[in-house]
Amino acid sequence: MLRIAVPNKGALAEDATTMLTEAGYLPARESRKLSRTDPDNDVEFFFLRPRDIAVYVGEGIVDVGITGRDMLLDSGADADELTALGFGLSTFHYAGPAGQFGSVSQLDGKRIATSYPGLVRADLERNGVDARIVGLDGAVEIAIQLGVADAIADVVETGSTLRSAGLEIFGGPLMSSEGILIGRHGVPRTPAVDVLVRRLESVIVARSYVLIDFDCPVALLDEASKVTPGFESPTVSPLHDPSWVAVRSMVARDQSNKTMDALYALGARAILVTSIHACRM
């Protein structure tokens, strides 16, 4: 039975559960239980703190887990990223009082508050900066005001929390993070893990693409196929009127309106777009 660790709270928990459900699994928690069996898929889910998941995977207690890339790298656990999941996007930055810092090198000799000491320590070493790291569990934005730090390093999504605290970002991002599936380092992927990865990647494709159907004059089919080439080739079906064909193809969801405009301008009609519920590519 495949053992999968899932975040039990935080920003990643709902997205991870939704994605696993769309992939055909049953990860929803029953009451406050810490585990649940999905017999149809021969899977057991364990609901753990997101920060602990990399440790459980690295120690081989569970086979795979969903966590954030930032938490995996900060943990130093013996685990690797298997695939990115496309949710929980964020970046990790240094920030300080407005106008006080302009580059990472100015942190030399300073105190930096963070909930990710492993990540920050590695970045400071890469930049040759000798600074003191102040480890906090959260609410690092107030650390400067309270006098325990000169600067902070934290996950930034919109920046509104930093601005409200009178702070601004400086230097480039330490890293970009998102939800990821991880497995123990050096352990070959089993067929069950391959199925899980394939299902999750298919959910990403289904979310990113739509199906577009349209009627097209036969004389314009080659030009229309250039607009909607699909993955392999568009599906073309005959219509009762032999001078027209029906065409179906996958297009990127964020390009669907531009694609419809281009097809209409070309001469295609009855252009329809539908969502993809599931797929295997």
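In this predicted model, the side chain of His93 makes a polar contact with the side chain of Thr91, at 3.1 Å. His93 belongs to strand 6, which spans residues 90–97. With a relative accessibility of 11%, His93 counts as buried, because the limit for that class is under 20%. Leaving aside residues up to four places away in sequence, the residues that His93 touches include Ile152, Ala153, Asp154 and Val156. Further along the chain, His93 also touches Ile169, Gly171, Gly172, Pro173 and Leu174.

The structure holds five aromatic pairs in total. Another of them joins Tyr25 and Phe45, again edge-to-face, with 6.3 Å between the ring centres and 85 degrees between the planes. Tyr25 occupies the loop between helix 1 (11–22) and strand 2 (35–38), whereas Phe45 is in strand 3 (residues 43–48); the pair therefore ties together parts that are 20 residues apart in sequence. Both Tyr25 and Phe45 are buried. Ring pairs also link Tyr94, Phe101 and Phe170 into a cluster.

Two arginine residues are placed over tyrosine rings. The charged end of Arg199 sits over the ring of Tyr25, and Arg269 lies over the face of Tyr264. The distances to the ring centres are tabulated below.

| Arginine | Ring | Distance to ring centre |
|---|---|---|
| Arg199 | Tyr25 | 4.7 Å |
| Arg269 | Tyr264 | 3.8 Å |

Val129 is found in the loop between helix 4 (117–126) and strand 8 (132–135). Although placed in a loop, Val129 is buried, with a relative accessible area of 10%. Its contacts, not counting residues up to four places away in sequence, are with Val104, Ser105, Leu107, Asp108 and Leu124. Val129 and Arg32 are separated by 97 residues in sequence and by 45 Å in space, from C-alpha to C-alpha.

At the level of the whole chain, there are eight helices and 15 strands. The domain assignment divides the chain into domain 1 (2–88 + 177–206), domain 2 (90–175) and domain 3 (209–275). The C-alpha centres of domain 1 and domain 3 are 37 Å apart. Along the principal axes, the C-alpha atoms fill a box of roughly 80 × 50 × 35 Å. The radius of gyration is 24 Å, whereas a compact globule of 281 residues would have a value near 19 Å.

Of the 281 residues, 42% count as buried. Among contacts with a separation of 6 or more, residues 24 or more positions apart account for 69%.

Notes. Residues are numbered from 1 along each chain as its sequence is written. This is a predicted model: local features need pLDDT of at least 70, side-chain atom pairs count only at pLDDT 80 or more; totals for chains, interfaces and linings use all residues. Side-chain values use heavy atoms; hydrogens and water are left out. Helices (H or I, at least four residues) and strands (E, at least two) are DSSP runs, numbered from the N terminus. Buried means under 20% relative accessible area, exposed over 50%, partly exposed in between (1.4 Å probe, protein chains only). A polar contact is a pair of N or O atoms within 3.5 Å; within protein, one must be able to donate a hydrogen and the other to accept it, and residues adjacent in sequence count only if both atoms are side-chain atoms. Contact means heavy atoms within 4.5 Å. Domain bounds come from an automatic or database domain assignment. Rings of Phe, Tyr and Trp (its six-membered ring) pair if their centres lie within 6.5 Å; planes under 30 degrees apart count as stacked, over 60 as edge-to-face and the rest as tilted. A charge sits over a ring if NZ of Lys or CZ of Arg is within 6 Å of the ring centre and within 35 degrees of the ring normal. The radius of gyration is taken over C-alpha atoms; the globule rule is 2.2 Å times the number of residues to the power 0.38.
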